[in-house]
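Please report on the fold, the confidence and the helix packing of the model below.

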Amino acid sequence: MTDATPRPDRPDPLDDDLGWMLGIVFRGYVRAAEHALTDFPGGPRGYQVLTVAINGPARNQGAIAEELGIDRTVLTYLIDDLERPGFVARRADPADRRNRLVDVTDVGRAAWEQRRLALRQVEAHLLGALVPTESATLRALLQRVACSAQATDPLRDLCAVVAQVKPATAPATGRAGAAAVRGGRTATPRGRRSSTD
């Protein structure tokens with residue numbers, strides 16, 4: 001991938017790197033999806049919130065936030081954005097008056113259907129290198145992987161994930177090394193937080 005001329009004797013290591021492949025596909029999808037949802041309230045995230053609200057019984061904001069992996073405060077703003085044009089409405093939960101359920105309106109359902117068609121075209125373009133059976137297989141496999149990842153939710157504790165995939169190493173020596181490694185966890189230096197925090 002890095003050379004202009006392909007070298008069959010020396011394949012590019014990136015060609016077999018899952019992170020690189022996912023990144024390329026993800027970036028391509030995000031660019032096209034943002035274009036298709038450019039004037040949709042909340043953009044792609046707003047569309048996902050509406051998708052979750054449409055599929056299944058009315059849920060409270062906490063359940064939607066957990067399913068999508070969105071911070072509850074951010075979700076509140078997204079629902080506000082969807083409520084303004086009348087796509088959703090909040091109502092009190094009869095089982096617990098402190099909770100607010102999110103209901104999709106007929107206007108919201110129609111808007112979702114329209115955008116769903118646009119996103120199907122985006123997906124078809126992105127998967128254009130595959131024949132229909134391959135595309136269906138890829139979707140089924142990705143769904144299985146995504147559902148498994150969602151169920152185990154490994155990103156709740158990044159340190160545990162790192163410990164599972166990284167071989168145990170001897171603790172670093174010296175004052176700086178001792179400060180960096182605590183109980184098998186690598187500490188993030190103050191003032192430099194990871195973008196996943």
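The accessible surface of the protein chain is about 14,500 Å², and carbon and sulfur atoms account for 57% of it. Areas come from the Shrake-Rupley method with a 1.4 Å probe, and for residues only the protein chains shown count as cover. The model is predicted: local features need pLDDT of at least 70, side-chain atom pairs count only at pLDDT 80 or more, and totals for chains, interfaces and linings use all residues. Residues are numbered from 1 along each chain as its sequence is written, and side-chain values use heavy atoms, with hydrogens and water left out.

**Confidence.** pLDDT is the predictor's confidence in each residue, from 0 to 100. The protein chain averages 78, and 71% of the residues score at least 70. Residues 154–158 have 5 contacts beyond four places in sequence. Residues 169–197 have 12 such contacts. Contact means heavy atoms within 4.5 Å.

**Fold.** The protein chain has 8 helices and 5 strands. Both are DSSP runs numbered from the N terminus: helices are H or I with at least four residues, strands are E with at least two. Along the sequence the pattern reads α-α-β-α-α-β-β-α-α-α-α-β-β. Of the 197 residues, 22% are buried. Buried means under 20% relative accessible area, exposed over 50%, partly exposed in between (1.4 Å probe, protein chains only). Take contacts between residues at least 6 apart in sequence: 48% join residues at least 24 apart.

**Helix packing.** Two packed helices are described by the angle between their axes and the distance between the axes. Axes here are lines fitted to C-alpha atoms, for helices over the stretch in contact, with angles from 0 to 180 degrees between N-to-C directions. Helix H2 spans residues 43–54, and helix H3 spans residues 61–68. Helix H5 covers residues 106–126.

| Pair | Axes come within | Crossing angle |
|---|---|---|
| H2 and H5 | 11 Å | roughly 120° |
| H2 and H3 | 10 Å | roughly 115° |

The H2 and H5 crossing is left-handed. The H2 and H3 crossing is right-handed. Left-handed means that the near helix is turned anticlockwise from the far one by less than a right angle; right-handed means clockwise. On the H5 side, Gly 108, Arg 109, Trp 112, Arg 115, Arg 116 and Leu 119 meet Tyr 47, Leu 50, Thr 51 and Ile 54 of H2. On the H3 side, Ile 64, Glu 67 and Leu 68 meet Gln 48, Val 49 and Val 52 of H2.

Trp 112 counts as buried because its relative accessibility is 11%. Its C-alpha atom is separated by 8.8 Å from that of Phe 87, 25 residues apart along the chain.

Arg 115 also lies in H5. Its relative accessible area is 14%, so Arg 115 is buried. A polar atom of the Arg 115 side chain lies 3.4 Å from the backbone oxygen of Ala 36. Beyond four places in sequence, Arg 115 is in contact with Ala 36, Leu 37, Asp 39, Phe 40 and Tyr 47.

Glu 123 is buried because its relative accessible area is 11%. Contacts of Glu 123 outside four places in sequence are Tyr 29, Arg 116 and Arg 139. The side chains of Glu 123 and Arg 116 are joined by a polar contact of 3.4 Å. A polar contact is a pair of N or O atoms within 3.5 Å; within protein, one must be able to donate a hydrogen and the other to accept it, and residues adjacent in sequence count only if both atoms are side-chain atoms.
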